[in-house]
Structure formats: structure tokens, C-alpha cells
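Visitor: Could you walk me through how the helices and strands pack here?
Guide: Gladly, let's look together.

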Amino acid sequence: EQYELEQYRKTNRVLDVGCGPAVTLSWLRDRQGWEVFGIDPDLFSQRQARERYGISIENGLIHDVSLGEESVDLIFMDNSLEHTFNPVATLLEAYRLLRPGGAFFIFVPNSDGLSTTHLHANAYWGHWFFYSPRSLVRLLREIGFQIPRFIAIQNPVNPELASIGVDPSEHQDDLVVRFDTDPVVAEGVEKRNVLADFFNLVATKPLDAPVGSPREAELLAIGERSLDERSSALLERRPRTPGHRSSPR
């Protein structure tokens with residue numbers, strides 16, 4: 001309710017990407033009256049959504065969604081963007097699916113967070129990319145989104161930080177950060193340290209947005225180069241096992 005979802009209702013459709021067993025979708029359908037759509041790569045979640053809530057979700061990633069261009073009012077990615085192999089392509093697809101005036105809600109771990117920086121928190125298998133507020137806001141704006149809301153609140157602070165000599169009280173002002181309205185969000189995250197372990201934001205597609213992102217081809221090319229460079233770096237750092245022999249070239 002803090003996001004005032006009603007203001008975005010037009011098609012009455014909401015899509016949750018990486019929806020798990022559809023807990024959020026069930027609430028949006030039963031309590032808010034939305035027509036809900038979900039997709040998740042996990043087959044167990046697909047079965048749980050059907051058996052628990054009577055919701056049929058698709059199996060796959062955002063590019064597998066069987067919805068038309070500019071066909072939904074809301075898109076949610078709650079702790080799922082960090083699991084995608086190609087975040088640029090994922091965000092561009094969200095832009096394509098969202099109608100002009102619709103809203104995109106993102107919740108992710110913060111690469112600048114105290115626990116991430118000092119304790120390597122959230123560095124789990126399957127978390128392919130980390131995002132700082134600056135990097136994600138910049139990317140969303142390059143795609144064409146406006147960003148009217150940003151929230152990062154750390155409560156409670158990870159008690160393990162004290163055991164390694166990090167005093168969270170010295171960073172108190174950077175653990176609770178909120179900006180409302182565009183372009184205040186972009187200006188704010190450029191100037192402020194944001195050290196909470198997670199952050200969430202709302203990105204909206206402008207009412208006068210052209211069909212497709214104006215920089216789609218360029219951004220996709222950048223994303224592909226980044227993936228290639230990341231793969232090469234990982235292969236170069238991969239430890240060799242005793243007796244390992246390189247494949248002939």
C-alpha cells in the first residue's frame with residue numbers, strides 16, 4: 001500500500017517476474033482485484049502456485065512471457081533481478097511489456113551495503129550480478145524510465161559487523177535513505193552513500209514514451225560485450241585441478 005498501486009491501474013494487469021510460488025500475486029488478486037501473471041524458472045514454484053493459490057504461472061524468464069507489448073500496468077521483480085544472466089536485456093524487456101504510465105517495482109541486494117562490503121553477504125550461487133543504487137538508476141534512466149521513488153532502510157543492522165570492528169552508528173545517516181520524485185532520485189543517489197543491505201525503487205514508463213527504448217540496440221550491444229568479458233574473466237580465474245590439461249586449440 002505504501003506504493004499506492006491504484007494510481008497505475010488501467011489494464012488491470014500485473015506481472016511478477018521470478019514470482020516463486022506466487023504469494024505476492026495471490027495477495028494482489030485476492031485483496032486488490034488485479035488480474036495477475038507470473039513467471040519463474042523453477043518448476044516446483046510453478047506447481048506450488050497452482051496447488052496453493054490456483055494461479056497458473058509460466059515457466060521461464062521474462063523473455064518467455066506470453067504477453068503483448070505495453071500490455072501491463074505493473075511489473076514486479078522482488079529479489080530476482082540479481083538472478084538474471086542478462087540484466088540489460090531483462091530491463092529492456094520489462095520496458096517493452098509495460099504500458100506508458102505503468103510502474104516497475106524492483107527490490108535488490110545493494111552492492112554498496114555494509115554487510116555486502118564487509119561480510120560478503122548476498123554473495124550466493126545464483127546471484128550473477130550485484131547492483132549499487134547509482135548503477136541501477138543510471139541504467140534504468142538510459143533505457144528511458146523515470147524514477148519517482150527510491151527507498152533503502154537498514155533495520156536491524158547485522159550484528160556480525162561489530163565483531164569485525166565495523167561500527168554501524170558511524171554510518172547511520174547512510175542506512176536510511178529515501179528520495180521521492182524524479183529527477184530527485186537520480187540526483188540523490190549520485191551524491192549520497194547508500195549503505196543499507198537492500199534497496200527498492202519504482203521506475204515508471206513515461207506517458208509519451210516511444211515504442212521501445214530509444215537506445216535498445218546500443219544497450220543490448222553493450223550488455224553482450226559485458227557478458228563476454230565477464231565469461232572470459234571467470235574462465236581465466238577458474239582454478240585448475242591437478243592433472244588438468246588444456247583442450248587443444
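Visitor: Which hand does the crossing of helix 5 and helix 7 have?
Guide: First, this is a predicted model, where local features need pLDDT of at least 70 and side-chain atom pairs count only at pLDDT 80 or more, while totals for chains, interfaces and linings use all residues. Residues are numbered from 1 along each chain as its sequence is written, and side-chain values use heavy atoms, leaving out hydrogens and water. Helices (DSSP runs of H or I, at least four residues) and strands (E, at least two) are numbered from the N terminus. A crossing is left-handed if the near helix is turned anticlockwise from the far one by less than a right angle, and right-handed if clockwise; for helix 5 and helix 7 the crossing is left-handed.

Visitor: How do helix 5 and helix 7 run relative to each other?
Guide: Axes are lines fitted to C-alpha atoms, for helices over the stretch in contact, with angles from 0 to 180 degrees between N-to-C directions. The axes of helix 5 (residues 133-143) and helix 7 (residues 184-191) come within 9 Å and cross at roughly 150°. Angles under 35 degrees count as roughly parallel, over 145 as roughly antiparallel, 65 to 115 as roughly perpendicular and the rest as oblique. Helix 5 and helix 7 are therefore roughly antiparallel.

Visitor: And what is the orientation of helix 3 to helix 5?
Guide: The axes of helix 3 (residues 87-97) and helix 5 come within 10 Å, crossing at roughly 50°. That angle makes helix 3 oblique to helix 5.

Visitor: How many nonpolar residues are in the contact of helix 3 with helix 5?
Guide: With contact meaning heavy atoms within 4.5 Å, Val 88, Leu 91, Leu 92 and Tyr 95 in helix 3 meet Leu 136, Leu 139, Leu 140 and Ile 143 in helix 5. Ala, Val, Leu, Ile, Met, Phe, Trp, Tyr, Cys and Pro count as nonpolar, Asp, Glu, Lys and Arg as charged, and the others, Gly among them, as polar. The contact has no polar and no charged residues, and the nonpolar ones number 8.

Visitor: Which are the edge strands of the sheet?
Guide: Two strands pair if DSSP finds at least two bridges between them. The open sheet of 8 strands has mixed pairing and the order 3-2-1-4-5-8-6-7. Pairing on one side only, the edge strands are strand 3 (58-59) and strand 7 (176-180).
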